[in-house]
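Here's a quick tour of one protein model. Have a look at the sequence and the 3D view first, then read on.

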Amino acid sequence: MKTSVTKIIFLFMAAFGLAAVQAQQSYFDVKLWENGLPNSNGNDSGEYVLQGKNYKPVMRVFLPNEEKATGRAIVCYPGGGYVQTQLDHYADDWALFYTKMGIAFIVLHYRVPNFIPEVTISDALEAYNQTKLHAKKWNINPKDIGIQGLSAGGHLASTVTTHFQDSIQAAFQILIYPVITFEEPYAHEGSKSRFIGNEPLLKENATIAEKEKYEKHKAKYMQLKELYSNEKHVTENTPRTFIAVSDNDKLVMNSVLFYTALHKNKVPAVLHIYPSGGHGWHINIKNNRFLFAEQVEEELKAWLSTF
């Protein structure tokens, strides 16, 4: 009995210690677009804050100790269904994991699209460009900056690496339970509708003018749906990719579709599918650690060591 009590106390102290270390992880914030926003979602007249619905975008930067720094960096796009970014949650979950390996970790609190994709995409690209601009100051190799995206942030990451890779030249990407496609039956309807809007409907007894307007809107919607179904836009120039997802995640086929497209285009890629965990799992104790978190960490570390 004494041994069991001692073991429980030890495990509790270990968990508390890890959470405390994570809470102490140092960071600083960098504001985007301080000279003026290039576009608007209608909810960005507020301040650079990490909560609320009216805010300007900001990067939270976690740097490793100088003696550990490898020069590698990751720009992370958090999840949140394109309705929020959950920056603190994703920073807590991944910052210490990467900085312990000597990798700088930059989490973007991007503006949600609010039916205007260009807003969120511009923030994502600017965060990557700002990381390159600060590379020397932050001890980063500008040619070794990768992208990580989780859930809807995985859709944003794969949008950047399939549509804008020629300009940014991301070194790699890491997709964790990502949204990828806007095509049925595998699309996440919430993310899709907030990114490109809802499919237009033709009401009964519509006039000729209303039918013409409907046809125009429907054509535009279908164009956007195809454009941002990112499995359709993979090329040999898409960066090497690590994908992790659970088999019982309703969005698991998004990962399968993207991996298949990568493999078809001869892009180095790995896909890890875990038996359980659903969607939105965590890798740290403080956030209710994923059952297979240790495997995720080991496999991701091994993958990062191969290039």
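The largest pocket has a volume of about 340 Å³. Of its 18 lining residues, Gly52, Lys53, Val83, Gln84 and Val112 sit closest to the centre. Keep in mind that this is a predicted model, where local features need pLDDT of at least 70 and side-chain atom pairs count only at pLDDT 80 or more, while totals for chains, interfaces and linings use all residues. Residues are numbered from 1 along each chain as its sequence is written, and side-chain values use heavy atoms, leaving out hydrogens and water.

**The pocket**
- A pocket here is an open set of points on a 1 Å grid where a 1.4 Å probe fits, with protein on both sides within 12 Å along at least five of seven lines, and lining residues have an atom within 4 Å of a point.
- The lining is made up of seven nonpolar, eight polar and three charged residues, with Gly counted as polar.

**Ser151**
- You'll find Ser151 in the loop between strand 5 (145-150) and helix 4 (152-163).
- Ser151 has a relative accessible area of 11%, so it is buried (under 20%).
- Leaving aside neighbours within four places in sequence, Ser151 is in contact (heavy atoms within 4.5 Å) with Gly79, Ile176, Tyr177, Pro178, Val179 and His279.

**Helix 3 and helix 4**
- Helix 3 (residues 117-133) packs against helix 4 at an angle of about 70°, and their axes are 10 Å apart.
- That makes the two helices roughly perpendicular (65 to 115 degrees).
- Thr120, Ile121, Ala124 and Leu125 of helix 3 meet Leu156, Thr159 and Val160 of helix 4.
- By class, this contact has five nonpolar, two polar and no charged residues.

Key:
Points joined across faces, edges and corners; volume = space filled by probe spheres on them. Helix = DSSP H or I, 4+ residues; strand = E, 2+ residues; numbered from the N terminus. Buried < 20%, exposed > 50% of the residue type's maximum accessible area, 1.4 Å probe, protein only. Axes fitted to C-alpha atoms, helices over the stretch in contact; angles between N-to-C directions. Parallel < 35°, antiparallel > 145°, perpendicular 65-115°, else oblique.
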